[in-house]
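Colleague: I'm new to this one, could you walk me through it?

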Amino acid sequence: MNPLALITLALATGSVPPATPPAPAPSESSSISVPATDATTDQTAEPAPDQAPELDPDTLTPREMLSAAADRLETDPELALDLYRKADLESREGAVRAAARFNLARAIYRAAIPEGATLESLAGADDFDKTIDQLHAAERAFRSTLDVAPSDEAAPREVERVRRLIQQLQDKRRQMQEQAKKMKDLADKLDQLADKQQQEAEQNESQPQNQTQDQQQSQDQPPQQDQQDSQSQAQNQQGDQAQDQPQGPSTPQQNQSDQQQGQPQQSADQARQDQQDIDKQTQDLLDQLRQQEQQSQGQQQQANSPSQNMEQARQAQQQANDSLQQDDQQGASAAQREAADRLREAAQRAREQAGEQQPGDQSQDKGSESDEKQQSQDQQQQQAQTQRQQEGQQSQQQAQKPAETPLQRAVRRLLEREQIQREQRDRVRRAYMPAPAKVDRDW
């Protein structure tokens with residue numbers, strides 16, 4: 001039999017029977033159970049809304065108010081809550097008052113915890129503070145049962161259950177906020193790494209032009225070198241004394257030629273080393289991202305996960321390494337640009353998971369001035385498109401958000417009225433309080 005039916009039946013004996021045992025602590029994925037409170041004493045079906053008889057609360061006794069409230073909790077929750085309050089205020093029987101307070105607390109609890117709700121859905125909701133306030137109100141209502149029925153056994157269990165649920169929700173909320181902050185920090189690092197990868201792409205793209213100029217300069221020098229070689233051969237033929245003479249210092253032209261021949265090799269080695277450093281940083285961030293996704297339920301199964309973009313960036317970086325090994329700067333530059341784009345996409349999706357909007361020009365300020373001039377238009381278009389997508393997602397989420405149920409609306413209005421009444425009582429109390437005595441200063 002339903003707990004409310006047991007309570008109603010027990011009014012004749014003057015005691016409040018224990019309710020059903022409290023439900024176990026809910027997990028993150030399992031729904032939070034809400035005990036029913038709408039059963040009647042005879043277990044008959046509730047009348048349809050259009051068949052509900054007219055009711056005048058002023059003509060009902062407190063016992064009849066309890067029965068009428070149970071009948072109308074689903075069809076007319078505002079009237080049902082008012083009947084519970086009226087029965088509590090007008091009755092002189094402790095059992096009636098305890099039943100009214102206990103059932104009112106259950107109704108508030110049901111309004112705070114929708115059917116099928118989980119810890120994760122409640123902790124991540126926009127109206128989290130309202131849920132906590134309603135749970136505190138349910139806790140106070142359960143505790144008030146003990147004021148009129150100190151020996152009741154069900155109320156303390158319900159108080160503890162609500163307290164435990166509030167603590168679990170607050171812990172889950174704090175955990176989700178910490179994960180969101182870590183995801184945001186990770187997105188910032190991805191933006192920085194994407195800018196660094198973009199700079200490497202531009203440097204490698206300009207490298208072939210420098211090598212071509214070096215080759216042209218080296219091709220202009222052989223006639224001078226040949227002339228010097230012919231002169232040295234003529235001097236060698238003059239005698240053994242010329243051969244025994246120590247060789248003089250090299251000319252500035254020869255030193256410049258040697259430096260120019262060594263520069264391409266040093267530049268290529270440095271480009272490979274820089275890319276390897278970026279690869280290591282990317283892999284470290286990918287490992288951190290996977291760890292974050294494993295801690296967040298369900299995110300590792302999303303189709304547009306940031307880790308997928310980072311894996312694509314790692315593939316492009318590997319292609320860039322292969323091109324650098326083959327001295328193909330153009331191919332390396334194209335692969336590096338691809339890796340930079342994938343890193344930026346990973347940063348964007350990481351921010352979406354963190355519940356943030358894409359920042360405006362923060363990533364552009366970190367890049368070089370040449371990057372801003374070349375990519376400002378593309379980035380602005382991409383940011384505008386991202387903003388439109390986020391606005392569409394927000395409107396879609398608002399459309400998918402469940403509407404307030406009649407019971408939730410009735411509980412919200414009830415709690416608002418109680419808050420106003422408490423504030424009025426506090427103002428009256430402060431008005432009648434004597435003014436604090438003045439203390440003469442003795443220093």
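This is a predicted model: local features need pLDDT of at least 70, side-chain atom pairs count only at pLDDT 80 or more; totals for chains, interfaces and linings use all residues.

Colleague: How many residues has the largest nonpolar core?

Modeller: That core has 46 residues, and those with the most contacts inside it are Leu81, Ile113, Leu135 and Leu169. A nonpolar core here is a set of buried Ala, Val, Leu, Ile, Met, Phe, Trp, Tyr and Cys residues joined through side-chain atoms within 4.5 Å, and buried means under 20% relative accessible area with a 1.4 Å probe, protein chains only.

Colleague: And which helix gives the largest share?

Modeller: The largest share, eleven residues, comes from α4, helices being DSSP runs (H or I, at least four residues) numbered from the N terminus. Of the 19 residues of α4, 16 are buried.

Colleague: Changing topic, which rings pair up?

Modeller: There is one aromatic pair, counted when ring centres of Phe, Tyr or Trp (its six-membered ring) lie within 6.5 Å, with planes under 30 degrees apart stacked, over 60 edge-to-face and the rest tilted. The rings of Phe102 and Phe142 have centres 5.3 Å apart and planes at 70°, so the pair is edge-to-face.

Colleague: Where do those two sit?

Modeller: Phe102 lies in helix α4 and Phe142 in helix α6, so the pair ties together parts 40 residues apart in sequence; both Phe102 and Phe142 are buried.

Terms used:
Residues are numbered from 1 along each chain as its sequence is written. Side-chain values use heavy atoms; hydrogens and water are left out. Buried means under 20% relative accessible area, exposed over 50%, partly exposed in between (1.4 Å probe, protein chains only).
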